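Look at the fold first, then read the points below.

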Amino acid sequence: MPKLLAQAMALLVGSLILAGCDRGPDAATLNRYASTALPADTELAEIYQRSCQACHGQGSSAAPLTGDEAAWRPRLAQGMDTLINHVVDGFGGMPPYGLCMDCNVDDFEHLIHFMSRYPDRPEAVDSPDPMNSPDPMNSPEAMNSPEPMDSPEP
Ligand code: HEC
């Protein structure tokens, strides 16, 4: 098989696996999102901008990046109460209240929801079947070769 096709297939398989595991966007996309994203609620957006964004909005900090669902998953697993307590008390490199001294528990909960989620990914959401999306690599040749996600039998 031509090398280029092999690479193309590796990419295709890779993207299918990513879609299948719901791993989210790549690091560059994530960084771009995190550096600009704001909560839809204007009051919350204002809090986020002045308090959380400096650390959670850029990848060079030790803070879990806004929108980085993989980084947030194990933290969310602790439960919302624990997360909020950590924000209030300070946690690791995070100062108490995440620097928002006038925030209440509801604010923190909404902020955490916002920060721990990546918004709709059109490719993932609109086409549950990745093979249906327009894809230059869906050549007949690529379809014929062994493809873990595609073959009915194991
Ligand atoms: C000065 C930097 C800084 C600011 C400002 C900041 N954080 Fe953090 N935050 C961090 C760092 C660093 C961590 C990771 C700490 C660790 O795991 O050791 C963190 C972790 C968290 C966690 C996860 C805690 C856990 O139990 O895993 C939550 C939730 C959080 N921040 C929310 C917020 C919210 C909400 C704001 C704004 C109100 C905020 N942070 C502001 C630096 C910051």
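Among contacts in the protein chain between residues at least 6 apart in sequence, what share joins residues at least 24 apart? The share is 65%. Two residues are in contact if their C-beta atoms, placed from the backbone, lie within 7 Å. This is a predicted model: local features need pLDDT of at least 70, side-chain atom pairs count only at pLDDT 80 or more, and totals for chains, interfaces and linings use all residues. Residues are numbered from 1 along each chain as its sequence is written.

**Overall fold**

- The protein chain has eight helices and zero strands. Helices (H or I, at least four residues) and strands (E, at least two) are DSSP runs, numbered from the N terminus.
- Along the sequence, the pattern reads α-α-α-α-α-α-α-α.
- The protein chain has 154 residues, and 17% of them are buried. A residue is buried if 20 or more other C-beta atoms lie within 10 Å of its own, exposed if 12 or fewer, and partly exposed in between; C-beta atoms are placed from the backbone.

**Around the ligand**

- The ligand is surrounded by 26 residues. The closest are Cys52, Cys55, Gly92, Gly93 and Gly98. To count as near, a residue needs its C-beta atom, placed from the backbone, within 6 Å of the molecule.
- Three helices each supply at least two residues of this shell: H3 (42–56), H5 (80–89) and H6 (105–115).
- H3 gives the most, with five residues.
- By class, the shell has 17 nonpolar, eight polar and one charged residues. Ala, Val, Leu, Ile, Met, Phe, Trp, Tyr, Cys and Pro count as nonpolar, Asp, Glu, Lys and Arg as charged, and the others, Gly among them, as polar.

**The largest nonpolar core**

- This core has nine residues: Ile47, Tyr48, Cys52, Val87, Phe108, Leu111, Ile112, Phe114 and Met115. H3 and H6 each supply at least two of its residues. The largest share, five residues, comes from H6.
- A nonpolar core is a set of buried Ala, Val, Leu, Ile, Met, Phe, Trp, Tyr and Cys residues joined through C-beta atoms within 7 Å.
- Not counting residues up to four places away in sequence, Met115 touches Cys52, His56 and Thr66.

**A look at Ile112**

- Ile112 sits in helix H6.
- Why does Ile112 count as buried? Ile112 is buried because it has 20 C-beta neighbours inside 10 Å.
- Leaving aside neighbours within four places in sequence, Ile112 is in contact with Met80 and Leu83.
- Ile112 and Leu76 are 36 residues apart in sequence, but 8.9 Å apart in space, C-alpha to C-alpha.
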